[in-house]
Amino acid sequence: MKSDKQNIRHLSLPALQEYFSTIGEKPFRAKQVHEWLWQRHATSFEAMTNLSKQLRSTLEANFTLPALRVDTTQHSTDGTIKSRFRLHDGHLVEGVLIPTENRQTACVSSQVGCSLSCKFCATGYMDRKRNLDFDEIYDEVALLNQQSLEASGKKLSNIVYMGMGEPLLNYKHVLQSIERITAADGLAMSPRRITVSTAGVAKMIRQLGDDKVRFNLALSLHAANDKKRSEIMPINDTNNLKVLIEALNYFYKATQSQITFEYILFQNFNDSLKDADELIHVYRQVPADLINIIEYNPIDNARFQQPDEDAVAKFMDYLGRHRVNARLRRSRGKDIDAACGQLANKG
Ligand code: SF4
């Protein structure tokens with residue numbers, strides 16, 4: 001049966017204060033509750049021990065607190081930790097903590113499944129079930145932050161929205177989650193340490209510009225001509241390269257935020273020097289800082305293979321000789337299906 005109680009975390013601090021005044025409670029109580037919800041990560045009203053028992057029961061009777069729970073965790077030999085999170089309605093999503101020497105990066109999901117069906121991505125073979133609410137995305141980050149503190153004593157340094165789902169098709173909640181993550185009374189992280197990755201929804205890239213966001217944007221390019229890109233990313237049929245290049249320029253002009261390209265190398269598909277040339281051609285038309293060249297991680301249903309080392313080296317060398325700022329990203333967490341494109345709740 002659907003509850004008609006409201007999720008308490010969908011109330012802003014002023015709205016909570018307003019509610020507390022209607023029940024005859026002092027405004028500082030609202031602040032205490034807000035702190036439990038966003039900084040002390042209470043998962044029940046019962047846990048809010050500095051409130052009277054009576055107040056806790058009033059909250060319990062009037063609101064829900066559907067916090068995310070860790071369902072399973074898997075540890076890779078390279079230190080990567082993949083977590084499967086259970087949502088209040090039983091759906092599952094995955095998040096990954098990627099520790100490196102200088103960074104503790106959290107990769108988070110924004111949707112349960114995905115509707116975009118990219119051919120190389122395990123999530124793309126699942127249907128989109130629903131969008132995550134902003135508080136659920138926030139919880140993923142908060143739980144990965146806790147894991148990071150436990151594993152290394154270090155807080156998260158970076159967040160990437162590159163897990164399951166297309167963030168720009170859950171626009172409102174993704175932006176709200178970032179607002180909470182960067183808020184002083186949230187996780188107080190800098191937006192410059194957050195990157196939202198899109199398969200290329202041009203209209204929403206422009207919207208990010210209009211909203212003057214301060215976080216970074218990554219475009220999953222993966223092929224630099226329309227024919228090949230449409231073959232592996234159906235969204236390219238309606239958001240082709242020309243339209244995306246225009247949208248990225250619009251975004252940059254409005255925000256001056258960093259843009260990166262993501263380019264997965266697939267053997268005999270996009271790894272030739274002709275492909276590199278096409279990639280350079282696209283790169284030159286956008287104020288992109290960097291191209292991340294990513295090692296492909298095979299998944300069960302896809303037809304692609306990883307190129308051999310020699311082809312990768314030639315590709316990188318070619319980009320370098322043409323003064324392209326490109327970085328080869330070796331995969332992390334492959335042994336636990338936590339690497340790029342492998343998230344599919346296999347647990
Ligand atoms: S790559 Fe991203 S947008 Fe494409 S199917 Fe996977 S999750 Fe969806």
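Predicted model: local features only at pLDDT ≥ 70, side-chain atom pairs only at ≥ 80, totals over all residues.
Residues are numbered from 1 along each chain as its sequence is written, and side-chain values use heavy atoms, with hydrogens and water left out.

Me: Why is Glu 94 called buried?
Reply: Buried means under 20% relative accessible area, with exposed over 50% and partly exposed in between (1.4 Å probe, protein chains only); Glu 94 has a relative accessible area of 0%, and is therefore buried. Glu 94 belongs to strand S5 (residues 92-99), and the unreviewed UniProt entry annotates Glu 94 and Cys 340 as "active site", although such annotations may be inferred rather than shown by experiment.

Me: How do you know that the span of helix H8 agrees with its number of residues?
Reply: The expected span is 1.5 Å times one less than the number of residues; for the 15 residues of H8 (residues 241-255) this gives 21 Å, and the end C-alpha atoms are 21 Å apart, so the two agree.

Me: What puts the buried residues of H8 on the same side?
Reply: The buried residues, including Leu 241, Leu 248 and Phe 251, cover an arc of only 165 degrees around the axis, taken from the directions from the helix axis to the C-beta atoms, and therefore lie on the same side of H8. On the other side, Lys 242 and Lys 253 are exposed.

Methods:
Helix = DSSP H or I, 4+ residues; strand = E, 2+ residues; numbered from the N terminus.
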